[in-house]
Amino acid sequence: MMTALKMLETQIVYGATALPEAAVGVAKRSQPPVSLFFQRLHLLLVQGGGMPASEAWARALQEIDNTWALTAADTAILRDLGPNLGTSDRQDQSRYLQMAMKQLEGELGRAEELASKNGRLWRWLGLLGGLFLALLLL
């Protein structure tokens, strides 16, 4: 998702691309489920009958929420990003996208730290369980 946000920033800031077209560009260069999110965003923006970008972003997030491995904190970061897209100039949108990417990087760091900590715990539990089983068999 962080890569997709960087692509979105590039299209908006440097390509001066409107949000619906930028969403299609990101969807084409992303893998599911991220590509599905941006495809849905594009459809909501184009066929949504004048739906604001913030509402389309929130609805696309809600519709695809169960298909990816993002935590509630990750989803909250993305949800907070939505109201800032399509309503300000390119530099402001770039700033909001960069802020969201930094927050997601922080969440990624916390997830990696937790995975490392839990990995050590499970290794020790496996070792102790094996020793316990060996003692039972003696």
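Is Ala27 buried or exposed? Ala27 counts as buried because its relative accessibility is 6%; buried means under 20% relative accessible area, exposed over 50%, and partly exposed in between (1.4 Å probe, protein chains only).

This is a predicted model, in which local features need pLDDT of at least 70 and side-chain atom pairs count only at pLDDT 80 or more, while totals for chains, interfaces and linings use all residues. Residues are numbered from 1 along each chain as its sequence is written, and side-chain values use heavy atoms, with hydrogens and water left out.

**Surroundings of Ala27**

Ala27 belongs to helix H2 (residues 19-28). Helices (H or I, at least four residues) are DSSP runs, numbered from the N terminus. Neighbours within four places in sequence aside, Ala27 is in contact with Ser35, Phe38 and Gln39, where contact means heavy atoms within 4.5 Å.

**Salt bridges**

The structure holds 5 salt bridges, each defined as a side-chain nitrogen of Lys or Arg within 4 Å of a carboxyl oxygen of Asp or Glu. The table gives some of them.

| Pair | N to O distance |
|---|---|
| Glu63 and Arg40 | 2.3 Å |
| Glu55 and Arg59 | 3.3 Å |
| Asp92 and Arg95 | 2.9 Å |

The side chains of Glu63 and Arg40 meet in a salt bridge. This pair links distant parts of the chain, 23 residues apart, with Glu63 in helix H4 (residues 53-64) and Arg40 in helix H3 (residues 34-47). Glu63 is partly exposed at 43% relative accessible area, and Arg40 is partly exposed at 30%.

Glu55 and Arg59 are 4 residues apart in helix H4, so about one helical turn separates them. Asp92 and Arg95 are 3 residues apart in helix H6, so they too are separated by about one helical turn.

The largest pocket has a volume of about 280 Å³. A pocket is an open set of points on a 1 Å grid over the protein atoms alone, where a 1.4 Å probe fits, with protein on both sides within 12 Å along at least five of seven lines; lining residues have an atom within 4 Å of a point. The volume is the space filled by probe spheres set on the points. Of its 13 lining residues, Ala69, Leu70, Asp74, Leu104 and Leu108 lie nearest the centre. H6 gives the most to this lining, with 6 residues.

Leu127 also lies in helix H6 (residues 90-137) and is partly exposed, at 46% relative accessibility. Trp124, Leu127, Leu128 and Leu131 make a nonpolar surface patch of about 440 Å². Such patches join nonpolar side chains (Val, Leu, Ile, Met, Phe, Trp, Tyr) within 5 Å, from residues with over 30% relative accessible area and no salt bridge.

Definitions and conventions
Helix = DSSP H or I, 4+ residues; strand = E, 2+ residues; numbered from the N terminus. Patch = residues over 30% accessible without salt bridge, like charges linked within 9 Å, V, L, I, M, F, W, Y side chains within 5 Å. Areas by Shrake-Rupley, 256 points an atom, 1.4 Å probe, with all protein chains shown as cover.
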